[in-house]
Amino acid sequence: MDATTSGASSVQYHEQTITSIVNSPSSHQRQQRHCFGNESPGEFPLSANPSIVLHFLTGCNLDPQDLAKLEATCSFFRQPANFAPDYELSLAELAALDMCQKRAIFKPMTFEERQDLKQRCGGSWKLVLRYLLAGEACSRREKTQAIAGPGHSVAVTSNGTVYSFGSNSSGQLGHGTTDEEPRPRIIRSMQGIRIIHAAAGAGRTMLISDAGRVYSFGKDSFGEVEYGAQGSNLVTTPQIVESLKDIFAVQAAIGNFFTAVLSREGRVYTFSWGDESKLGHQTDPTDLEPRPLLGALENIPVVQIAAGYCYLLALACQPSGMSVYSVGCGLGGKLGHGSRTDEKLPRLIEQFQSLNLQPMVVAAGAWHAAVVGKDGRVCTWGWGRYGCLGHGNEDCESAPKVVEALSDVKAVHVATGDYTTFVVSDEGEVYSFGCGESSSLGHNNNNAAVAAAAADEQGNRHSNVLTPELVTSLKQVKEKVVQISLTNSIYWNAHTFALTESDKLFAFGAGDKGQLGVQLVDNQTERANPERVDINLS
């Protein structure tokens, strides 16, 4: 939302002077400069050089909020700039439009499509820019990605090349076979097509290109595939999803009973699980046609979707700020509404307003969820088994609750799996908590007494973690971590990827199907310490 005068900076640029903040020698009188200038030497009349100012605003990649503040504090930035393509736009609006035109998903849009998106976002190019930037930030669109799927893995390079490895019983690696791949292998049939997003589910993989096309391979089902009732036909090479040809997609999310796709305009479409009590539309469970998610989000643009076992989260971008909606199964309180009831239509999670938290990233684990706020706070809710909520116990929380143990950490990223949570700080440090099976938390416990106690009490040799702990093994790689991905399935042993700022990929956890992409010694099925995956993602 555009900043108001009361909420803007106290420095006034219009019809007032700007006093230099540099301490000048006492023998010199401080200079005064005016935005509109006069005939005094050394002054910069902004109104006479708007093209230079526009170039500066665009080149500096200012935040949309900063552009709004400029408009609120100085009429020079509010008034029509008389520049093409719209002579009525202000400099701040033109700068926002120029920065929008640099985004890959905005470039191919027609004039009418751009105007529709502008109105959908609130009638301002600054709001469109905020929408586009938010989507890029939370889903790493057009950047390197690593996805730890159920038994198999996918990696996307910065130029859109795709690698896959691990389990391949359903052809989910896309190599034209059903043979396992213990090492990363390029999907040859996708060469020449730039992929900007990937998603991995049980026996299935989805890829999205920079042209908005969706490719799918593995089990030929968008619904319940874990039990084998659906998806009996196998697709071993990437195929375009014909029913999505008229939708420019930017993200996909795969749950157990359904699949969701997010369009460029921020609309959410779902496949399968069409019972009216689930996703608000009546379809056959095997239906391959996408259905728009009805209700509150029909006219609100969504920047990110996250699918749990039987529910969906949507991060929405409104003029008043960011918000989170949930829909689906409410068992354990994972929908975040303070109850455990199902929601057949998307419903706003109101708790964030009470917490004064602006959501920026959402994550949907199998049975619990998490959010990172703009201020770096982390909230979790849902089933608390094994301590996956990070509150020091195993209690359920039916509404978002701040993880107090992370109060000294400014988080920028969160990832969730089956009773497991990872948090990445702004300094690139990683914290994890929850279920310790398969060594997927990254805590290599060398204390024999503690390990023995965990084995006695919990029936396995991996200890669970009830509050966030620093993953010290990742500090040893001496790289700043920017993304964590972990297996989000109740049927597979989990593995975890850590992607660094320099595009190095490290893996740990279960590796019995080759999903780590690293060599394991004889009879070894998992790896406790992160190991570099031999793959060039730059």
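Trainee: Which residue stands opposite Gly-434 in β26?

Mentor: Two strands count as paired if DSSP finds at least two bridges between them. Here Gly-434 faces Val-465 in β26. Strand β26 covers residues 465-470, runs antiparallel to β25 and is joined to it by 3 bridges. Strands (E, at least two residues) and helices (H or I, at least four) are DSSP runs, numbered from the N terminus. This is a predicted model, in which local features need pLDDT of at least 70 and side-chain atom pairs count only at pLDDT 80 or more, while totals for chains, interfaces and linings use all residues. Residues are numbered from 1 along each chain as its sequence is written, and side-chain values use heavy atoms, with hydrogens and water left out.

Trainee: In what sense do β24 and β25 pair, and over how many bridges?

Mentor: Strand β24 (residues 420-425) pairs with β25 in the antiparallel sense, over 5 bridges. Val-424 is placed opposite Val-430 of β25. The hairpin of these two strands has 4 residues between them, and Gly-428 there takes a positive phi near 85°.

Trainee: At what angle do α1 and α4 pack?

Mentor: Axes are lines fitted to C-alpha atoms, for helices over the stretch in contact, and angles between N-to-C directions run from 0 to 180 degrees. Helix α1 (residues 50-59) and helix α4 (residues 91-100) pack at about 45°, with axes 9 Å apart. Therefore α1 is oblique to α4; under 35 degrees is roughly parallel, over 145 roughly antiparallel, 65 to 115 roughly perpendicular, and the rest oblique.

Trainee: Which residues of α1 and α4 meet?

Mentor: Contact means heavy atoms within 4.5 Å. Pro-50, Val-53, Leu-54, Leu-57 and Thr-58 of α1 meet Leu-91, Leu-94, Ala-95, Asp-98 and Met-99 of α4.

Trainee: Why does Val-128 count as buried?

Mentor: Val-128 counts as buried because its relative accessibility is 0%. The residue lies in helix α6, residues 125-139. Leaving aside residues up to four places away in sequence, Val-128 touches Cys-100, Phe-106, Leu-117, Lys-118 and Cys-121. From Val-128 to Pro-64 is 64 residues in sequence and 9.0 Å in space, C-alpha to C-alpha.

How values were computed:
Buried means under 20% relative accessible area, exposed over 50%, partly exposed in between (1.4 Å probe, protein chains only).
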